[in-house]
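Work through the exercises below with the sequence and the model open. Try each task before reading its solution.

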Amino acid sequence: MNKKEVTIYTDGACSGNPGAGGWAAVILFQDQRKDICGRAENTTNNKMELMAVINGLKALKTSCNINLYTDSLYIKNGITAWIKKWKINGWRTSDKKPVKNMELWQELDEISSQHQINWHWVKAHNGDKYNEAADTLARKAIDNA
């Protein structure tokens, strides 16, 4: 059986860093669109970027082939390059410090292993329809206390 082809756009936002934050994912499958979002108090932009991806992937019920778009180089580089060395080094950075947001990176590592994911970076606020939609949802989530 072939895996479903899914596209996910994610974004995180923070009002202050740290401050109130929001995350969002726009999930596209065939002609369907599902938007999910959430918020957190006293958080950071990077945590919200991670939560957007984690929750976007958690929304899928089966293993999928995914094109995942993020405007965060922290996410793109973290999951495609840095994480390999972090795991080898016992979740420590190259300067021997603990990886920030380690629990979220570990959760993302676990959930992403259930799918085949092509990671894409898109420039923020550059007119990409679904990246703009994810940004709008994440920002609205901050205000919906």
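**Exercise 1. Aromatic pairs**

How many aromatic pairs does the count come to?

Solution. The model is predicted, so local features need pLDDT of at least 70 and side-chain atom pairs count only at pLDDT 80 or more, while totals for chains, interfaces and linings use all residues. Residues are numbered from 1 along each chain as its sequence is written, and side-chain values use heavy atoms, with hydrogens and water left out.

Step 1. Apply the rule: rings of Phe, Tyr and Trp (its six-membered ring) pair if their centres lie within 6.5 Å; planes under 30 degrees apart count as stacked, over 60 as edge-to-face and the rest as tilted. The count by this rule is 6 aromatic pairs.

Step 2. Take one of them, Trp82 and Trp86: the centres are 6.1 Å apart and the planes make 50°, a tilted pair. These two residues are 4 apart in helix H2, and are therefore separated by about one helical turn. Helices (H or I, at least four residues) and strands (E, at least two) are DSSP runs, numbered from the N terminus.

Step 3. Compare accessibility. Buried means under 20% relative accessible area, exposed over 50%, and partly exposed in between (1.4 Å probe, protein chains only). Trp82 is partly exposed at 38%; Trp86 is buried at 10%.

Step 4. Follow Trp86 to its other partner. The ring centres of Trp86 and Trp105 are 5.2 Å apart and the planes stand at 70°, so this pair is edge-to-face. It links distant parts of the chain, since Trp86 is in helix H2 and Trp105 in helix H3, 19 residues apart. Both Trp86 and Trp105 are buried.

Step 5. Join the pairs. Tyr74, Trp82, Trp86, Trp91 and Trp105 are linked by ring pairs into a cluster.

**Exercise 2. The sheet**

Give the order of the strands and name the edge strands.

Solution. Step 1. Two strands pair if DSSP finds at least two bridges between them. Here 5 strands form an open sheet with mixed pairing, in the order E3-E2-E1-E4-E5.

Step 1. Strand E3 (32–43) and E5 each pair on one side only, which makes them the edge strands. From one strand to the next the twist averages 20°.

Step 2. Look at one pairing. E2 and E3 are antiparallel, over 10 bridges. Ile27 has Lys34 in E3 as its bridge partner.

Step 3. H4 lies across E1, E2 and E3, and runs at about 145° to E2. Axes are lines fitted to C-alpha atoms, for helices over the stretch in contact, and angles run from 0 to 180 degrees between N-to-C directions.

**Exercise 3. The cores**

Which residues touch the most other members of the largest nonpolar core?

Solution. Step 1. A nonpolar core is a set of buried Ala, Val, Leu, Ile, Met, Phe, Trp, Tyr and Cys residues joined through side-chain atoms within 4.5 Å. The largest has 30 residues, and Ile8, Leu57, Ile66, Leu68, Trp105, Leu108 and Trp119 touch the most other members.

Step 1. Find the sources. Two or more residues come from each of E1, E2, helix H1 (45–58), strand E4 (64–70), H2, H3 and E5. H1 gives the largest share, 6 residues.

Step 2. List the neighbours of Trp119. Contact means heavy atoms within 4.5 Å. Not counting residues up to four places away in sequence, Trp119 touches Val53, Leu68, Ile75, Lys76, Ile79, Thr80, Leu108 and Ser112.

Step 3. Note another core, apart from this one: it has 13 residues, among them Tyr9, Tyr69, Ala133 and Ala138.
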